[in-house]
Amino acid sequence: MLKIYNTLAREKQVFTPIQAGKVSMYVCGMTVYDFCHLGHARVMVVFDMVSRWLRTSDYEVTYVRNVTDIDDKIIKRANENNETISQLTQRFIDAMDEDSAKLGVIRPTLEPKATEYVSGMVEMIQTLINKGFAYTAANGDVFYAVNKFDGYGKLSGKSLEDLRAGERVEVDSFKQDPMDFVLWKAAKPNEPSWDSPFGGPNNGKGRPGWHIECSVMSSHLLGAHFDIHGGGQDLQFPHHENEIAQSEAAHGGVWNGEATHSHDGQPCQMVNYWMHNGFVRVDDEKMSKSLGNFFTIRTVLEKYDAEVVRFFILRAHYRSPLNYSDQHLDDAKLALTRLYTALRGHDVASNTIDWQHPQAVRFKAAMDDDFNTPEAMAVLFDLANEVNKSKSAETAGLLKSLAGVLGLLQRSPDAFLQGEATQTLNIDALIQARAEAKKAKNFAEADTIRKQLLEAGVVLEDSPQGTTWRRI
RNA sequence: GGCGCGAUAGCAAAGCGGUUAUGCCGCGGCCUGCAAAGCCGUUUAGACCAGUUCGACUCUGGUUCGCGCCUCCA
């Protein structure tokens, strides 16, 4: 029985899908104006893991991860680079796809782009205006009037009073309330814009705000009410709070203070389970663009194998902070090496998992407990120990199959252990020469060869079956 | 200032009111010509102060420290 920590309830809850056997999941994706960093990698890997576990649990999963391809930063960056917005966004969408594929991330079922849903956004904004939740300001911007939605703050646990007290930004004079957020931005010169009926100085010409896109894409693709909504912890407020306000106001019956919207599974509730993953940190500080302390995925992949990075991410619980450093990656590499070493010599395929096996039972219990991948990994290491002792192909098969559920250990052990680095030395020939030296009891020569290889980063391992090698 | 999260051995990271987490590192042994890998054993824990309890790392309260959100952010 799967339990998920639901941010909305602030506790683990038994997962019950809206439709038996099916799961609808929406995750906030990337704004594509630059290369993805490790924080993005965590979101992609974590929710990939979630979708894999749901599918392993026999759910039919519809996983939507959007692409934000219109926003202030994109417009700014395109101007700086002297390229069109679509050139810029396509370039970084391609880069993102490349990075995520390397990390073993299975493509989401659907990857809608914001620009393809602008008409839907105009429609939803109009609905919000009609219902009294939104207004066109004097400058042509359309704002959401947060005080009209009485559930505002239920996800982030903030009240409007607290938020106003903590108000740090200059109040936008066009807003009725400082907490109101923008749904539609009036067009500025040299910016892309779409037509709308919202009026104002530009006759409605403008572009959507950030929050409205997720409300529109999720409801178009998954319906007004769906199972799981995920994203980074930093999106909890204001982004996800605003999504709820938009979607539930547009789809539900909150009206003029008469709160007819309902909770817990009623048709106009937007999402049943909200999931938020923890941050990637550097020196105990959040990795972010604004702090400038970020490492892009491709930079890290120059130095570390992508599977090591995936392993590193999944070795921590998804809600915990994850400190990035070379030392931690080195550690992850050594740990993963142990698992692959156990699989070495076992020509096994990922096969059907015997869920009655005691270790599989443990694995499943861990995963069902709010996706406890660190505990599930511990099972993998215990299995590796069993394989090393018993040399059982069956146990090796179970190890590989369970790891496969996490998207790990699917390469041939030698592909991982020996890598694909260009060979400056003829390793096989040297091993052969050493074998002959050993046979002649010329251990000095044998050790010289071994040392030579070690200096080239190659470790030799003798066994009764012969000598194998791996890279450090 | 408001709201929230956390503090576990040298490092990383889980579960659990009483019984080995797990990985890396260290130490001893087995194996090996010697190593490496592997196996066996082993040293290092639970920020601090109270309380509940037969018994607390685990529950409760407080203190200290760290982090996050309240502004774009995964």
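How do the residues of the lining of the second largest pocket divide into nonpolar, polar and charged? We will come to that pocket at the end of a short walk through the chain.

First, some ground rules. This is a predicted model, in which local features need pLDDT of at least 70 and side-chain atom pairs count only at pLDDT 80 or more, while totals for chains, interfaces and linings use all residues. Residues are numbered from 1 along each chain as its sequence is written, chains are lettered from A and ligands numbered from 1 in the order in which they are written, and side-chain values use heavy atoms, with hydrogens and water left out.

Let's start at the N terminus. Helices (H or I, at least four residues) and strands (E, at least two) are DSSP runs numbered from that end, and two strands pair if DSSP finds at least two bridges between them. Strand β1 (residues 3-6) pairs with strand β2 (residues 11-14) in the antiparallel sense over 4 bridges, with Y5 opposite K12. The two form a hairpin with 4 residues between them, and R10 in the turn has a positive phi of about 55 degrees.

Next comes an open sheet of 4 strands with parallel pairing, in the order β4-β3-β9-β12. Its edge strands, β4 (60-65) and β12 (271-277), each pair on one side only. From one strand to the next, the twist averages 20 degrees; axes are lines fitted to C-alpha atoms, for helices over the stretch in contact, and angles run from 0 to 180 degrees between N-to-C directions. Inside this sheet, β3 (residues 22-27) and β9 (residues 226-232) are joined in parallel by 3 bridges, and M25 has I228 as its bridge partner in β9. Helix α6 (residues 210-222) lies across β3, β4 and β9, at about 160 degrees to β3.

A second open sheet, also of 4 strands, has antiparallel pairing and the order β5-β6-β7-β8. Here β5 (134-136) and β8 (206-208) stand at the edges with a single partner strand each, so one side of each has no neighbour in the sheet. Strands β5 and β6 (residues 142-144) run antiparallel and are joined by 3 bridges, with A134 opposite Y144. Helix α4 (residues 118-130) lies across β5, β6, β7 (181-186) and β8, running at about 120 degrees to β7.

Leaving aside neighbours within four places in sequence, D97 is in contact (heavy atoms within 4.5 Å) with R107 and E111.

Further along, β16 (residues 458-463) and β17 (residues 466-471) pair in the antiparallel sense over 6 bridges. They form a hairpin with 2 residues between them, and V458 stands opposite R471.

Strand β17 also leads us back to the opening question. The second largest pocket has a volume of about 520 Å³. Of the 19 residues that line it, D305, K333, F416, G419 and I472 are the closest to its centre. Two or more lining residues come from each of α10 (326-343), α14 (413-418) and β17. A pocket is found on a 1 Å grid over the protein atoms alone, as an open set of points where a 1.4 Å probe fits, with protein on both sides within 12 Å along at least five of seven lines; lining residues have an atom within 4 Å of a point. Grid points are joined across faces, edges and corners, and the volume is the space filled by probe spheres set on the points. The lining divides into 8 nonpolar, 3 polar and 8 charged residues, with Ala, Val, Leu, Ile, Met, Phe, Trp, Tyr, Cys and Pro counted as nonpolar, Asp, Glu, Lys and Arg as charged, and the others, Gly among them, as polar.
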